[in-house]
Amino acid sequence: MRFVWAVAAFVLATVMIGAGIAQRTIFQGPRTETTAISVEEETPYLLIDGAVLNQMPGTQTLRAQTEGDIYASYGRTADMEAWLSDTTYTHVTLDGDGEVETVVVEPEIDAIADPATDAPADGSATDDAAADASTDDATDAAGRSPVGSDLWLDEYQQKDLLIAPLQLPEEMSVLVASDGTAPAPSRVTVTWPLQTSTPWAGPLIVGGGILMAAGVFLYILGIRHARRKRGPRRKGLPLPVTEPIDIAIDGDDKGVISNSARTRRAVSSGRRAFAFLPVVAVSALLFTGCSADAWPQLGPSPTPTPTATVIAPDGQQAPAVTKAQAERILTRISATVADADAAMDGDLADTRLEGAALAARDTNYKLRSTLGDYPAPAPILAKPLEIILPQAYDAWPRSVIAIADDEESKTSSIMVLTQQDQWSEYKLSYVGSLEASTAIPDLAPAYIGAAAVEPDSPFLVLPPDQVAAAYADVISKDAESEYYDLFEADGDQLRASIAADRQRRRDEFNQTANSGASTGTLEFSAVAGPQTPFALQTVESGAIVAVNINEVDTAKPTNADAVIKVENNRTVKTLAGADQSATGFETTFSDQVFFYVPNAGSNEKIRLLGYSSDILDAKIL
């Protein structure tokens, strides 16, 4: 009977293990779903809409194949369509029935030619002329490489075959191209993994292994029982089984009972023990090959823990960049500016700097080209990026406020980056060093962004376009300024440093032989600089405001026979091109200043956050 049960266990175990393996192999079905994108007309760019990428749940794998270079990038659909608005491209989207379709999109004339600048003054431009201009501009746009654009959230480049793993929401799209001139790859597929759960495969395989082990055990018991039944049945005490004595043996071994039978039984038992090991080993291997989806989920589904979130105001637009995107942009800016600083190349600096930041660099390059030991400007900090506050704006120009730390020098920088249009790169327009004890106001998270504050906004203690002039008046008049009480004096290191520097230069001027107090005057003034202020809203309805202020020092003789000498001032002498003047010198310093301006109903004062100060120009009056 033991053999019957053993055989039944073997058969049932084989069926169970086979059924479990079959569920994980031949009965499991395909593991992926693939959609092929067929392109009928060649264009330099292929835009795959987010709706196509999200036909199926799960991650997406983009595969593009052609000869030569292949490029792919992804970003917000609105940004990509704006970047492609002046050229012809193929748009891959879904039709009304949910089927993939490809549409060739032609550029709009307004996107590639501005009638205000392209039309003749008398308004007699013809349709043919406009069409020719549109064709020329579209041809130029078609040769534009998408590589390295600041709009993309990430990008990939490979040769002949590109495989990119993605996980994009519907509001994002993928751009596929070669180099912007050659046709985009025509063999493109998108693949999704399929959720193929086999919850009974694991139990069947493990249960079959247990039954197999039970069958082996029953088989061993059956063999043992059968061997015992073959022996003679005698009454009385059982006697040990002995072997016959071989009387033909001479010598010391004569009369000794042989142990060969015992040895054979031991070997037989060892074989049965070892026969059990492959069954356990196979079951263990099958058990380890079963993943989590091969088991039934018996417990309750995990419930997500609610976390505190910040909700964007109704109608607020998308943030200009993500934090990772801002880090990449700032790293590019830092590398380019470092190269420009090393080569003293103003044209290279112009590709990543503008406004007050570029003007300060241009002056530094001019001084260093003449004065070999003149210090280079401080590098642009890129990482780690501690705070990022992007402007929530879908159009252009769009800007970002960023704060980066330098662990080595224990300094921090606050910067404003601006992108003028969708085809331009971000440029650094304002940069300043943060005060050591600066308290940054509460800001919206990077994934929400903040709205820009209008220059003449009445909802702040002082409109952004009046902050520079008001602070300049405080610098010039101190406590006598009408704006003095609007600005926090405690912790304002800029005012303290300006006052100390002015006193030092006035003392040096009065001690000179030819341009002392009796023969000349040294006057100081401060005015709002030419750069446009920029402001982004904070959580408390205040704003971080970046402004430009110019400090002007004017040295003039008061005696007709006197001259102003600057032979000991190398910077003024180099910029002005002379070491003395009978009419005097005017020296201009440019300050890039960041403030926190509270809302109009607050009792707080305007606080200085950070600043930088550089010599801008010097000239003979």
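**View 1. Y471 and F595 are both buried, and aromatic pairs are the theme here.** Both Y471 and F595 are buried (that's under 20% relative accessible area; over 50% is exposed and anything in between is partly exposed, with a 1.4 Å probe and protein chains only). A quick note before going on: this is a predicted model, in which local features need pLDDT of at least 70 and side-chain atom pairs count only at pLDDT 80 or more, while totals for chains, interfaces and linings use all residues. Residues are numbered from 1 along each chain as its sequence is written, and side-chain values use heavy atoms, leaving out hydrogens and water. The structure holds 6 aromatic pairs. Rings of Phe, Tyr and Trp (its six-membered ring) pair if their centres lie within 6.5 Å, and planes under 30 degrees apart are stacked, over 60 edge-to-face, the rest tilted. Y430 and F594 make an edge-to-face pair, 6.3 Å centre to centre with 75 degrees between the planes. Y430 sits in strand β12 (residues 427-434) and F594 in strand β18 (residues 585-597), so this pair ties together parts that are 164 residues apart in sequence. Helices (H or I, at least four residues) and strands (E, at least two) are DSSP runs, numbered from the N terminus. Y430 counts as buried at 3% relative accessibility, and F594 is buried too, at 0%. The Y471 and F595 rings have centres 4.8 Å apart and planes at 65 degrees, so they're edge-to-face. That pair also links distant parts of the chain, with Y471 in helix α12 (residues 464-477) and F595 in strand β18, 124 residues apart.

**View 2. Arg side chains sit over Trp rings.** Y45, W83 and W152 form one aromatic cluster. The charged end of R144 sits over the W83 ring, 4.4 Å from its centre. To count as over a ring, NZ of Lys or CZ of Arg has to be within 6 Å of the ring centre and within 35 degrees of the ring normal. Elsewhere, R398 has its charged end over the ring of W396, 4.0 Å from the centre.

**View 3. Strand β4 is largely enclosed.** In β4 (residues 89-94), 5 of the 6 residues are buried, so the rest of the structure largely encloses this strand. Strands β2 (residues 45-48) and β4 run parallel and are joined by 3 bridges; two strands pair if DSSP finds at least two bridges between them. I48 has V92 of β4 as its bridge partner. On to β5 (residues 100-105): 6 bridges join it to β4, and the two run antiparallel. Y89 stands opposite V105 in β5. The hairpin of β4 and β5 has 5 residues between the strands, and there G98 takes a positive phi near 80 degrees.

**View 4. Helix α9 and what covers it.** At 1.5 Å a residue, the 21 residues of α9 (residues 323-343) should span 30 Å, and the end C-alpha atoms are 30 Å apart, which agrees. The expected span is 1.5 Å times one less than the number of residues. Buried residues in α9 include Q325, A326, I329, L330 and I333. Among the elements covering the buried residues are α10 (346-350), α11 (355-370), β9 (385-390) and β12, where contact means heavy atoms within 4.5 Å. Just after α9, M344 takes a positive phi of about 50 degrees.

**View 5. D150 forms salt bridges with R332 and with R352.** A search of the whole structure finds 17 salt bridges, each a side-chain nitrogen of Lys or Arg within 4 Å of a carboxyl oxygen of Asp or Glu. In the D150 bridge to R332, the closest N and O atoms are 3.0 Å apart. R332 is in helix α9 and D150 in the loop between α6 (127-142) and β6 (154-166), so parts 182 residues apart in sequence get tied together. The bridge from D150 to R352 is 2.8 Å, N to O. R352 is in the loop between α10 and α11, so this pair ties D150's loop to a part 202 residues away in sequence. Both D150 and R352 are buried.

**View 6. E488 and its neighbours.** E488 lies in the loop between α12 and α13 (493-511) and is partly exposed, with a relative accessible area of 27%. E488 and R607 are 119 residues apart in sequence but 5.4 Å apart in space, C-alpha to C-alpha. Leaving out residues up to four places away in sequence, E488 touches R495, K605, I606 and R607. R495 also has a salt bridge with D492, 2.9 Å between the closest N and O atoms, and both D492 and R495 are buried.
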